[in-house]
Amino acid sequence: MLWLIILGVMGLAFAPMMGLRPSQRQQRVKGLRDGARERGVAVRLESSPLHDDSESLPAYRWRYPPQRPGPDFLLVRDAMASQALKPFLPGWRWRVEPLRPLPETAHRQLEALLDCLPEDAVVVESSAACLTLWWDESWSLEAFSDLDERMQALRDDLAGRPDYPGAHHSMQAPSVPPSPGGTGL
């Protein structure tokens with residue numbers, strides 16, 4: 001009987017600690033984030049770009065090279081978008097459309113990317129600095145590998161196509177004027 005009491009007391013002592021163990025989803029998400037970071041993807045929880053959304057949402061960012069900024073655009077999944085926004089593809093609408101048309105290869109890659117995204121992917125955004133996917137991390141690290149390759153390929157096709165090329169002159173090497181008497185050496 002004494003052993004039952006001791007086991008009962010130990011069970012009560014360890015029960016709260018067992019509740020602190022991460023769930024399977026938390027373990028999967030941690031592995032996904034760690035794997036994404038190892039691949040060079042920046043991962044952060046931030047306020048989403050959706051209107052009237054105060055919740056933080058994971059943002060996965062593929063950075064453009066500083067000397068090759070990307071265009072500005074923001075695509076929102078239809079279920080989260082106003083019907084007043086211009087449709088892009090079935091299921092996606094432009095909140096911010098790029099000022100210049102995307103190159104054909106980038107356009108095709110963007111279409112293929114949007115077709116393969118999970119339902120919890122709600123925003124695809126590009127700025128001069130990075131290409132960002134806002135989603136709820138429903139995939140495993142293995143499934144993320146294909147997404148990572150697609151995002152990298154799209155980023156590479158969009159790099160060097162900023163909406164305002166002159167605005168990023170500070171990212172380029174400064175030009176040196178010729179010296180007034182020859183070579184300057």
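**Ground rules.** Since this is a predicted model, local features need pLDDT of at least 70 and side-chain atom pairs count only at pLDDT 80 or more, while totals for chains, interfaces and linings use all residues. Residues are numbered from 1 along each chain as its sequence is written, and side-chain values use heavy atoms, with hydrogens and water left out.

**Parts list.** I looked up the elements and got four helices and seven strands. Both kinds are DSSP runs numbered from the N terminus: helices are H or I with at least four residues, strands are E with at least two. From the N terminus on, I read the order as α-α-β-β-β-β-β-α-β-β-α.

As a reminder to myself, strands of a sheet pair through backbone hydrogen bonds, either parallel or antiparallel.

**Strands 1 and 2.** I followed strand 1 to strand 2 (residues 56-63), and they pair in the antiparallel sense over six bridges. Leu 45 stands opposite Pro 58 in strand 2.

**Strand 3.** Is strand 3 buried or exposed? Five of the five residues of strand 3 (residues 73-77) are buried, so it is largely enclosed by the rest of the structure. My cut-offs: buried is under 20% relative accessible area, exposed is over 50%, and partly exposed is in between (1.4 Å probe, protein chains only). I checked both faces: Phe 73, Leu 75 and Arg 77 are buried on one side, Leu 74 and Val 76 on the other.

I then looked up its partners. Strand 3 pairs with strand 6 (residues 123-126) in the antiparallel sense over four bridges, and there Phe 73 stands opposite Ser 126. Strand 3 also pairs with strand 5 (residues 92-96), antiparallel over four bridges, where the bridge partner of Val 76 is Arg 93.

**Whole protein.** Buried residues make up 35% of the 185 residues. For contacts (heavy atoms within 4.5 Å), I took those between residues at least 6 apart in sequence, and 63% of them join residues at least 24 apart.

Note on methods
Two strands pair if DSSP finds at least two bridges between them.
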